[in-house]
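Subject: Structure handover

Hello,

Here is the structure for your files. My notes on it follow below.

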Amino acid sequence: MGLFERYLSVWVALCIVAGVALGSVAPGLFRVIAAAELAQVNLPVAVLVWLMIVPMLLKIDLGALGRVREHWRGVGVTLFINWAVKPFSMALLGSLFIGRLFAPLLPQDQIPSYIAGLILLAAAPCTAMVFVWSNLCEGEPHYTLSQVALNDLIMVFAFAPLVGLLLGVASITVPWGTLLLSVLLYIVIPVAAAQLWRRGLLASGGEGALTRTLGVLQPMSLLALLTTLVLLFGFQGEAILAQPLVILLLAVPILIQVYLNAGLAYWLSRRFGVAWCVAAPAALIGASNFFELAVAAAISLFGLGSGAALATVVGVLVEVPVMLSVVRIVKRTRGWYEGGAAAGPG
């Protein structure tokens with residue numbers, strides 16, 4: 001890795017500080033940026049996400065997607081974590097920490113709302129940022145694309161009844177506009193654009209042209225990630241400074257849930273002989289959340305100033321630094337993983 005990538009955690013920490021500071025001293029600027037949205041999807045952030053995921057998508061040959069059948073074990077592990085473990089583990093952790101252990105330190109009237117926000121956060125697997133994490137850990141790009149597409153399809157049908165079950169209500173108003181627009185912005189458009197670009201590069205200059213282009217785009221991808229961090233933390237700069245204890249307490253079950261699900265997915269992949277290049281993104285997909293949908297659902301259900309909305313925003317704040325640590329862990333344990341994984345396709 002280059003100097004920039006080697007100290008990525010340092011740049012992330014600096015961006016967090018810069019975002020909070022700028023958000024507190026220039027809240028009006030960030031309100032203007034936050035208002036640039038469609039169906040509660042922030043368009044500036046969407047552009048930055050495109051810059052982050054294009055290098056990953058350029059590596060994908062759609063003609064080779066049929067090979068994802070070789071990785072059916074990895075697909076099965078991630079589906080199990082995303083839909084059978086993660087939402088229920090978060091409901092349990094939220095009830096334990098927010099409903100019991102931390103309850104004396106929190107506003108009593110907001111406790112049910114905080115727990116609801118945590119459940120909303122865990123009920124939808126991540127869509128866009130997974131491409132970034134998979135790219136950073138050299139994950140199998142065809143598996144990543146197929147797994148995200150499959151999760152999006154399941155989410156259309158399963159999100160509402162799953163959240164309704166966990167919240168103990170008969171029905172839930174799903175922000176379908178946000179869900180469908182997010183899939184369009186973060187999957188359909190960038191995949192189509194990347195494939196057209198890839199074909200043009202291969203036609204004009206072959207693999208060499210593609211390699212050179214990826215070499216230029218990789219630093220841009222990381223810069224887009226850091227800029228996104230500044231924006232996300234800037235949007236919530238005032239809230240972070242006003243409620244630091246609440247945010248710290250809400251972060252505890254989120255942190256436990258991320259490491260629990262990432263570790264379980266990684267361990268199961270090793271037990272089932274999944275190739276490391278699939279197990280690494282499987283752990284990341286199993287642990288990360290579709291925070292755009294979670295924030296929009298929390299606002300539509302409970303209101304902008306609710307505890308649920310704040311809890312989902314804490315998920316946004318925690319997501320990037322925590323997932324970077326998971327990337328570091330899976331890369332450092334590659335030797336251990338491949339030394340113990342059973343033989344066979346992933």
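Contact here means heavy atoms within 4.5 Å. Helices are DSSP runs (H or I, at least four residues), numbered from the N terminus. This is a predicted model: local features need pLDDT of at least 70, side-chain atom pairs count only at pLDDT 80 or more, and totals for chains, interfaces and linings use all residues. Residues are numbered from 1 along each chain as its sequence is written, and side-chain values use heavy atoms, with hydrogens and water left out.

Helix H12

H12 covers residues 276-287. Its 12 residues should span 16 Å at 1.5 Å a residue, and its end C-alpha atoms are 16 Å apart, which agrees. The expected span is 1.5 Å times one less than the number of residues.

Buried means under 20% relative accessible area, exposed over 50%, partly exposed in between (1.4 Å probe, protein chains only). In H12, 11 of the 12 residues are buried, so the helix is largely enclosed by the rest of the structure. The buried residues are Trp276, Val278, Ala279, Ala280, Pro281, Ala282, Ala283, Leu284, Ile285, Gly286 and Ala287. What covers them includes H5 (72-101), H7 (129-136), H8 (141-167), H11 (244-271), H14 (307-332) and H15 (334-340).

Two packed helices are described by the angle between their axes and the distance between the axes. Axes are lines fitted to C-alpha atoms, for helices over the stretch in contact, and angles run from 0 to 180 degrees between N-to-C directions. Angles under 35 degrees count as roughly parallel, over 145 as roughly antiparallel, 65 to 115 as roughly perpendicular and the rest as oblique.

Take H6 (residues 111-122). The axes of H5 and H6 come within 9 Å and cross at roughly 155 degrees. H5 is therefore roughly antiparallel to H6. H5 contributes Lys86, Pro87, Met90, Ala91, Gly94, Ser95, Ile98 and Gly99 to the contact, and H6 contributes Ile111, Tyr114, Ile115, Leu118, Ile119 and Ala122. By class, these residues are 10 nonpolar, 3 polar and 1 charged. Ala, Val, Leu, Ile, Met, Phe, Trp, Tyr, Cys and Pro count as nonpolar, Asp, Glu, Lys and Arg as charged, and the others, Gly among them, as polar.

Now H8. The axes of H5 and H8 come within 11 Å and cross at roughly 30 degrees. That makes H5 roughly parallel to H8. Residues in this contact include Trp83 and Phe88 of H5 and Tyr143 and Met155 of H8. The contact has 14 nonpolar, 5 polar and no charged residues.

Single residues

Ile111 lies in H6. It counts as buried at 8% relative accessibility. Ile111 touches Ile98, Gly99, Ala103 and Leu106, not counting residues up to four places away in sequence. Ile111 and Ala308 are 197 residues apart in sequence and 9.0 Å apart in space, C-alpha to C-alpha.

Ser113 is also found in H6. Ser113 counts as buried at 10% relative accessibility. Leaving aside neighbours within four places in sequence, Ser113 is in contact with Phe302, Ser306, Gly307 and Ala308.

Leu229 sits in H9 (residues 176-235). Leu229 is buried, with a relative accessible area of 0%. Leaving aside neighbours within four places in sequence, Leu229 is in contact with Val12, Cys15 and Val320.

Last, a backbone point. Most residues other than glycine have a negative phi. Glu138, in the loop between H7 and H8, has a positive phi of about 60 degrees although it is not a glycine.

Best wishes

Definitions and conventions: Helices (H or I, at least four residues) and strands (E, at least two) are DSSP runs, numbered from the N terminus.
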